[in-house]
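User: Before I use the terms that go with this model, I would like to see each one set against its definition. Please take them one at a time.

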Number of protein chains: 2
Amino acid sequence: MTDIRENEIRADAPVSSDASVAFIGIIRTPWPDRSLCPRQGRLDGPECRLVLQPQWCDALQGLEKFEMIDVLYWLDRSRRDLVTQSPKSDGRTVGTFALRSPVRPNPIGLSKVKLVGIDGGEVVVRGLDCIDGTPLIDIKPDICAFSPIAPPKQSAEF
Amino acid sequence: MTDIRENEIRADAPVSSDASVAFIGIIRTPWPDRSLCPRQGRLDGPECRLVLQPQWCDALQGLEKFEMIDVLYWLDRSRRDLVTQSPKSDGRTVGTFALRSPVRPNPIGLSKVKLVGIDGGEVVVRGLDCIDGTPLIDIKPDICAFSPIAPPKQSAEF
């Protein structure tokens, strides 16, 4: 994609390749294309499924204790070269890092969602807003819910 | 790294390479190595700086309106092959996705931090917990603060 709206700015160098992302599964949602996705997920929205690759299923152990989880995914249809964007196509631009637009140098989507349940290697959640088939890249327990479980750090253990 | 603690499980296939991450800057913190990092960042912790590469500086336009931002970074010293982990080295394991450990198939760190200010191409924040020099991969405005600004979606514009 090389088209650009009024006053938008493209990066003056190609987006570099400094590290590799591994897809760990796929996200199943009710929305087959972007025009049908909600702008933001709602915690009372429809159930969606994070379908893990078999080798990562055991990595879900213990996740069931959390009410909220952070889901990271790769917005594989997004262009990556816009520095400023005009979301309303009216010539007024905003910096990419002041938007949660999928268009960004690293098209990583992030949603804090409600954990409904774990069904084998699939995690059922509410609160996503991405296209059906979006590649999954990480799941993290919500940091607030996590705080009471993790004691103050005694020493470096990792 | 191939060493493993009691009862930990390694992935049974290498971590794949499905997409590329571009570093967009570097994070300056007071902690030169992992043993000195806090377990979790605190919003009253020391100031840290997100130092953007020159081509991405204009992407900060409008970010100053937000009090809280999400910062994503690449934990480039972390192993990526553990399915379950024993954080306390006591033989009890937890799934990687039930931990916020830096050890995960995609070693992406995520912190919600307080925006102190923007100084040219540098963003001053409080609340990080990562090593000095950690590669920066994304900045997003906090979704809660963002909600009142974004009107309900009328149509697909991206």
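Analyst: Accessible area here comes from the Shrake-Rupley method with a 1.4 Å probe. On that basis the accessible surface of chain A, in what is a predicted model, comes to about 7,100 Å², and 51% of this belongs to carbon and sulfur atoms.

User: What makes a residue of chain A count as buried, and what percentage of the 158 residues are buried?

Analyst: A residue is buried when its relative accessible area is under 20%, and 51% of the 158 residues in chain A fall into that class.

User: Why is strand β10 of chain B called largely enclosed?

Analyst: Strand β10 covers residues 134–141 of chain B, and eight of its eight residues are buried, so the rest of the structure largely encloses it.

User: How do you know which strands pair with β10(B)?

Analyst: Two strands pair if at least two bridges are found between them. Strand β3 (residues 25–28) of chain B has three bridges to β10(B), in the antiparallel sense, and B:Gly25 has B:Leu136 as its bridge partner there. Strand β5 (residues 68–74) of chain B is joined to β10(B) by five bridges, again antiparallel, with B:Leu72 facing B:Asp138 as bridge partner.

User: What makes the relation between chain A and chain B that of a two-fold axis?

Analyst: Chain A is superposed on chain B by a rotation of 180° with 0.0 Å of shift along the axis, at an RMSD of 0.0 Å, and that is the relation of a two-fold axis. The C-alpha of chain A nearest the axis is that of A:Ser20, which is 2.3 Å from it.

User: How do you know that the copies meet through the same surface?

Analyst: Of the interface residues of chain A, 99% are also interface residues in chain B, so the copies meet through the same surface. The contact takes 75 residues from chain A and 75 residues from chain B, and the two chains bury about 6,700 Å² between them, with 57% of that on carbon and sulfur atoms.

User: Why is the meeting of A:Asp70 and B:Arg100 called a salt bridge?

Analyst: The definition asks for a side-chain nitrogen of Lys or Arg within 4 Å of a carboxyl oxygen of Asp or Glu. The side chains of A:Asp70 and B:Arg100 meet at 2.9 Å, N to O, and therefore qualify under that cut-off. The count between chain A and chain B is four salt bridges.

Conventions: Residues numbered from 1 in each chain as written. Chains lettered and ligands numbered in written order. Predicted model: local features only at pLDDT ≥ 70, side-chain atom pairs only at ≥ 80, totals over all residues. Heavy atoms only, no water. Buried < 20%, exposed > 50% of the residue type's maximum accessible area, 1.4 Å probe, protein only. Least-squares fit on C-alpha atoms with pLDDT ≥ 70 in both. Contact = heavy atoms within 4.5 Å. Helix = DSSP H or I, 4+ residues; strand = E, 2+ residues; numbered from the N terminus. Buried area = accessible area lost by both parts, 1.4 Å probe.
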